[in-house]
Amino acid sequence: MNEGDPRPDAVELLDLTRSFGARAALRGLTLSARHGEVTCVLGPNGAGKTTAVEIAVGLQRPDGGQVRVLGRHPYGAGAAHRDRVGVMLQDGGLPQAVTPRALLPHLARLYSTPVDVAELAGRLGIPAFERTTVRRLSGGQRQRVALAAALVGSPEVVFLDEPTAGLDPHARREVHVLLREVAAGGTATVVTTHSFEEAERLADRVAVVVDGRVAAAGTVQEVCSGAGATGLEEAYFALTDGVPL
Ligand SMILES: Nc1ncnc2c1ncn2[C@@H]1O[C@H](COP(=O)(O)OP(=O)(O)OP(=O)(O)O)[C@@H](O)[C@H]1O
């Protein structure tokens, strides 16, 4: 629970397991995220971060464990629940034949309390390419549209899977400012990243996922001191070295 916030944690993943055939993607993953905070989730490729996010948004079912997002199990939760949750997945999931100029206002109309679309799009530099179909956008431009799509409904909790991967430095800086504002507005903001710099700049709390479990979680300072490290990079390598690739 966040200090001064009587609500339970916005995201509560408890002892999740999930296997794909013989491959165990999650082996007892426990992770929480609070309202009003940015939680950065780090971990090697294949550690289970995307699987955990997909379970949290109801796209996959765990084999075992418990999932609560805004107090509900997300799998099969109705439109009222989806209205409160934003998500940006790695593959974007955007329709290809539509322009950002048409897509974002359309999405905004699906939510009960949308943000100011023009303002959000402007923050992300989208007007410069808003008349180009998604199919023809660059990777970074598509990322920005996917991020806008995740935030357009003023979600109470938002899951962003590597939102700044492939963004240029200006866009990355703007996204960091934007996400801090989103969290300051009360949104539980869960961000997966491979960037220590990003996690140190952005996160109220971090979780390091290693081989399907959370190996360490807490503030950057707590994770560093727990690993006997002076910085997040050093802590990360201490927690992940020796884990098979
Ligand atoms: N649909 C699937 N079918 C089979 N295996 C899968 C599937 N989805 C994920 N996996 C496996 O589960 C493991 C965890 O994958 P996941 O995508 O959750 O990792 P990740 O931490 O998000 O990695 P990255 O940093 O590369 O994005 C990997 O070994 C992956 O190959």
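Visitor: In which sense do E8 and E9 pair, and over how many bridges?

Guide: This is a predicted model. In general, strands of a sheet pair through backbone hydrogen bonds, either parallel or antiparallel. Here E8 and E9 pair in the antiparallel sense over 5 bridges. Within this pairing, Val209 stands opposite Val214 in E9.

Visitor: How many residues lie between the strands in the hairpin of E8 and E9, and which residue takes a positive phi?

Guide: The hairpin has 2 residues between its strands, and Asp211 takes a positive phi near 50°.

Visitor: What is the strand order of the open sheet of 6 strands?

Guide: The order is E5-E6-E7-E3-E8-E9, and the pairing is mixed. Strand E5 (85-88) and strand E9 (213-218) stand at the edges; each has a single partner strand, so one side of each lacks a neighbour in the sheet. On average, neighbouring strands of this sheet are turned by 15° against each other, direction ignored.

Visitor: Which strands pair with E3, and in what sense?

Guide: Strand E3 (residues 38-42) pairs with strand E7 (residues 188-192) in the parallel sense over 4 bridges. E3 is also joined to E8 by 4 bridges, and these two strands run parallel. Individual residues can be followed across both pairings. Thr39 has Val190 as its bridge partner in E7, while Cys40 has Val206 as its bridge partner in E8.

Visitor: Is E8 mostly covered or mostly exposed?

Guide: E8 is mostly covered, with 5 of its 6 residues buried.

Visitor: Which helices lie across the strands of this sheet?

Guide: Helix H6 (residues 169-184) lies across E3, strand E6 (157-161) and E7, and runs at about 145° to E7. Helix H9 (residues 232-240) lies across E3, strand E8 (205-210) and E9, at about 30° to E8.

Visitor: What is the order of the open sheet of 3 strands, and which are its edge strands?

Guide: The order is E2-E1-E4, with antiparallel pairing. E2 and E4 are the edge strands, each pairing on one side only. From one strand to the next, the twist averages 25°. Strand E1 (residues 11-20) is joined to E4 by 5 bridges, and the two run antiparallel.

Visitor: Why is H1 described as largely enclosed by the rest of the structure?

Guide: The description follows from a count of buried residues: 7 of the 8 residues of H1 are buried, so the helix is largely enclosed by the rest of the structure. The buried residues are Lys49, Thr50, Thr51, Ala52, Val53, Ile55 and Ala56. After H1 comes Gly58, whose phi is positive, near 85°.

Visitor: How does one read the side of a helix that is buried, and which residues of H3 are buried?

Guide: An α-helix has 3.6 residues a turn, so residues three or four places apart point the same way. In helix H3 (residues 100-109), the buried residues are Pro100, Leu103 and Leu104. They cover an arc of only 90° around the axis, which puts them on the same side of H3. These buried residues pack against helix H4 (117-123) and helix H5 (139-151).

Visitor: Which residues lie around the ligand?

Guide: The residues around the ligand are Phe20, Arg23, Ala25, Gly43, Asn45, Gly46, Ala47, Gly48, Lys49, Thr50 and Thr51. By class, this shell has 3 nonpolar, 6 polar and 2 charged residues. Strand E2 (23-33) and helix H1 (49-56) each supply at least two residues of the shell, and H1 gives the most, with 3 residues.

Visitor: Where does Tyr75 lie, and why does it count as partly exposed?

Guide: Tyr75 lies in the loop between strand E4 (64-69) and helix H2 (79-82). A residue is buried at 20 or more C-beta neighbours within 10 Å and exposed at 12 or fewer. Tyr75 counts as partly exposed because it has 14 C-beta neighbours inside 10 Å. Residues up to four places away in sequence not counted, Tyr75 touches Gly58 and Arg61. The C-alpha atoms of Tyr75 and Thr192 are separated by 21 Å, the two residues being 117 residues apart along the chain.

Technical notes
Residues are numbered from 1 along each chain as its sequence is written. This is a predicted model: local features need pLDDT of at least 70, side-chain atom pairs count only at pLDDT 80 or more; totals for chains, interfaces and linings use all residues. The arc is that of the directions from the helix axis to the C-beta atoms. Two residues are in contact if their C-beta atoms, placed from the backbone, lie within 7 Å. A residue is near a molecule or strand if its C-beta atom, placed from the backbone, lies within 6 Å of it. Ala, Val, Leu, Ile, Met, Phe, Trp, Tyr, Cys and Pro count as nonpolar, Asp, Glu, Lys and Arg as charged, and the others, Gly among them, as polar. Two strands pair if DSSP finds at least two bridges between them. Axes are lines fitted to C-alpha atoms, for helices over the stretch in contact, and angles run from 0 to 180 degrees between N-to-C directions.
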